[in-house]
Amino acid sequence: MSVRGSLLVVDDNELNRDVLSRRLQHQGYAVTVACGGDDALALVSAAPYDLILLDVEMPGMSGLDVLNRLRATYSQTQLPVIMVTARAQGPDIVQAFKLGANDYVTKPIDFPVALARIETHLSHKWAVEDLRESEERYALAIDGANDGLWDWNLVTNEVHWSPRWKAILGLEPSEAGDSPDEWLTRVHPADVGRVKTDLSDHLASGSGRFESEHRMRHRNASYRWVRCRGAAVRTRAGAATRFVGSLTDITDAKVADALTGLPNRLLFEDLLDRALKRTARRRDYVFALLMLGLDRFRVVSDSLGPVTADQLLIAVARRLQTRLRSTDAVTPGGAGPQSEVASGFTLARLGGDEFTVLLEDIADASDAIRIAERLRQALEQPFIVEGNQVYTSATVGIAVSSTGYDRPEDMLRDAATALHRASAQGTARCELFDAAMRARAVSRLQLETELRNAIAERAFAVHYQPIISLRTGAIAGVEALVRWIHPQRGLVSPAEFIPVAEDTGMLVHIGRLVLSESCRQMVLWQEQFGPEAPSVVCVNVSCRQFAESDLATEIAAILRSTGLDSSRLHLEITESAFMGDMHAAQDTLSRLHSMGIDWSIDDFGTGYSSLSYLHRLQAGTLKVDRSFVSRMGREERGSEMVGAIMALAHNLGMEVVAEGVETPEQLAQLRRIGCDYMQGFLFSRPVDIAAMNRLIAAQPWRPSGDATAFEDILVTAPG
């Protein structure tokens, strides 16, 4: 049997002591006996007891004297005392209660009554002790925990906030009241609606846990990110009576970039917002936002792997920090007394390979440009990453507060626009945002949107420009050129939309449409004109189309669906399309060659013009770019340059097409140096199908003439 408690029986009568102690021991209690007051006090000081049964009348020291001595050390809860008396009434019982007795029993003792009273007082004692221990553990948890705790009495609408809860928000212990508003009024305006909704849903749902991440206003007016967790305490009927939970500060995790340890976009936008508010208070306060993008970062990641790329980002962050610290005090303009270009800076990582710098209290935009140039130059020195020497550079977009901003996102947008503009002009450049740049960006965005809609609606037409054989005067082939049929603007020039389509990847879809339509039209011409039809249709293939799509498979499907013989399709591919991955390029070209498709190198002389590539790619035709042809007749060595290119091509077994032939003088010189084919405005502009039909029907063009035969035919054709 387990021991139910330790009791001390104090009585000068031996018989009474023995009878009572034996009966209590049979009930499972550990019982010690004392024959007098001095003996009892000695035993209590030597060992703990849960309860004392104390006789009132004893010789020497009475029970009341013993009780009085005990209460000087032990409370009623710590050591319950039940007095044993022969009198049910009288001043002794009253005096005992005044001295702190818990209860009394009378002699002769009714044992069941005595046992019940013992159990009652022991139960109360242990309940109080358990509560005290729980409170001590709770207080210890509050003191030691990193979380702030709260206890919301939903009946009284009062909340107890732990000291840590207040400390998270920078509050003194006496500052926070007991209203739930201490929490809800501090929630960020952008988050408070969501928090209230989630809170109401939890209290109404009857199950689950409440969890919310939101911002709360600190005493210093900044906002801290917190994670709030809790659960409602409910009655058996399901009514919520209390709501208890914790508050954790997660600001560092929210606002720090995990890779570099720099502030992330979230924190940077908050700092940017504060800077903008400062401009409203101080007219002389000017700051700048620098957005840096690493050039060729994807090449590093693809060639050396993502781990090395991450290490490069860490190294870049450290070098930028070092360089920014060294530019805290520099001489504006490089002359005059030293003064601060910026009173402070914040370097952050937006994500990917983009970093931002907030330069505060600058004089004007020139200060921002100088620091941007220094940062750009700092990144030109090589990095040693994972044992590799890695080179990179940065392009920088700059936005200055004096342009006029109300929102952080607007300033970030304009810095990104300037960065994009700088990137479009090359690598390692700096560009300052201006209003015209924003207009161009808006216009481009609108163009992108309209272009996507045009692809979905197939709002494109293919025009064709004849390629003339100088030997026969016949139309040997046609080049397919796409035109965008805009619902308001009519035909949109390729020069306007092709660069946008190339940048966004939409040119892959447009190229697929052109390939399909050109092959279909070529079959129709063969059916209509027979042997007089053009021998081939030449279709341009963009770099992205060549690199990102399974070109050979797509063309095979188009040829099957249109019924065009593969020998009738001729692809025009620029040199730059082969530069990214020569092995992949050769594999694609081998597959096309096995299908019976020939190709030409387009715009030769404007790209890499590598002789080794010419030999390895084994193209059947080389197209001399119009920029070389236009020099013929205008520059002394213009014809010599074209002649050299033509001789090179012929020696490699390639035929030559001269593009951009516009004058009889150019025609005469090209004929003299042995050009095979020509195309250009001298013969015809790109025309629609109806006009092209008239040109095919009217050929051959007479070599002895001045191209007026075609001009006469095209009087009704669009220009």
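Me: Why is Asp503 called partly exposed in this predicted model?

Reply: The relative accessible area of Asp503 is 46%. Buried means under 20% and exposed means over 50%, with partly exposed in between; Asp503 is therefore partly exposed.

Me: What makes the contact of Asp503 with Arg444 a salt bridge?

Reply: The closest N and O atoms of Asp503 and Arg444 are 3.4 Å apart. A salt bridge requires a side-chain nitrogen of Lys or Arg within 4 Å of a carboxyl oxygen of Asp or Glu, so the pair qualifies. Asp503 lies in helix H16 (residues 494-504) and Arg444 in helix H15 (residues 435-457), so this pair ties together parts that are 59 residues apart in sequence.

Me: How do you know that Lys623 is buried?

Reply: Lys623 has a relative accessibility of 1%, and the term buried applies under 20%; Lys623 is therefore buried. Its salt-bridge partner is Glu479, with the closest N and O atoms 3.2 Å apart. Glu479 is also buried, because its relative accessible area is 5%.

Me: Which parts of the chain does the pair of Lys623 and Glu479 tie together?

Reply: Lys623 belongs to strand E24 (residues 621-624) and Glu479 to strand E19 (residues 475-486), so the pair links parts 144 residues apart in sequence.

Me: What makes Asp273 and Lys277 a salt bridge, and where do the two residues lie?

Reply: Their side chains meet at 2.5 Å, N to O; this value is within 4 Å, so the pair is a salt bridge. Both residues lie in helix H10 (residues 265-281), 4 residues apart, about one turn of the helix. Asp273, at 22% relative accessible area, is partly exposed, and Lys277, at 45%, is partly exposed as well.

Me: Which residues touch the most other members of the largest nonpolar core?

Reply: They are Phe460, Ile510, Leu569, Leu571 and Leu670, in a core of 76 residues. Helix H17 (residues 506-529) gives the most to this core, with 11 residues. A second, separate core has 33 residues, including Leu290, Ala317, Val385 and Val400.

Me: With which residues is Leu670 in contact, leaving aside neighbours within four places in sequence?

Reply: Leu670 is in contact with Val629, Met632, Val642, Met646, Ala658, Val661, Cys675 and Met678. In soluble globular proteins, nonpolar side chains tend to be buried together.

Terms used: Residues are numbered from 1 along each chain as its sequence is written. This is a predicted model: local features need pLDDT of at least 70, side-chain atom pairs count only at pLDDT 80 or more; totals for chains, interfaces and linings use all residues. Side-chain values use heavy atoms; hydrogens and water are left out. Buried means under 20% relative accessible area, exposed over 50%, partly exposed in between (1.4 Å probe, protein chains only). A nonpolar core is a set of buried Ala, Val, Leu, Ile, Met, Phe, Trp, Tyr and Cys residues joined through side-chain atoms within 4.5 Å. Contact means heavy atoms within 4.5 Å.
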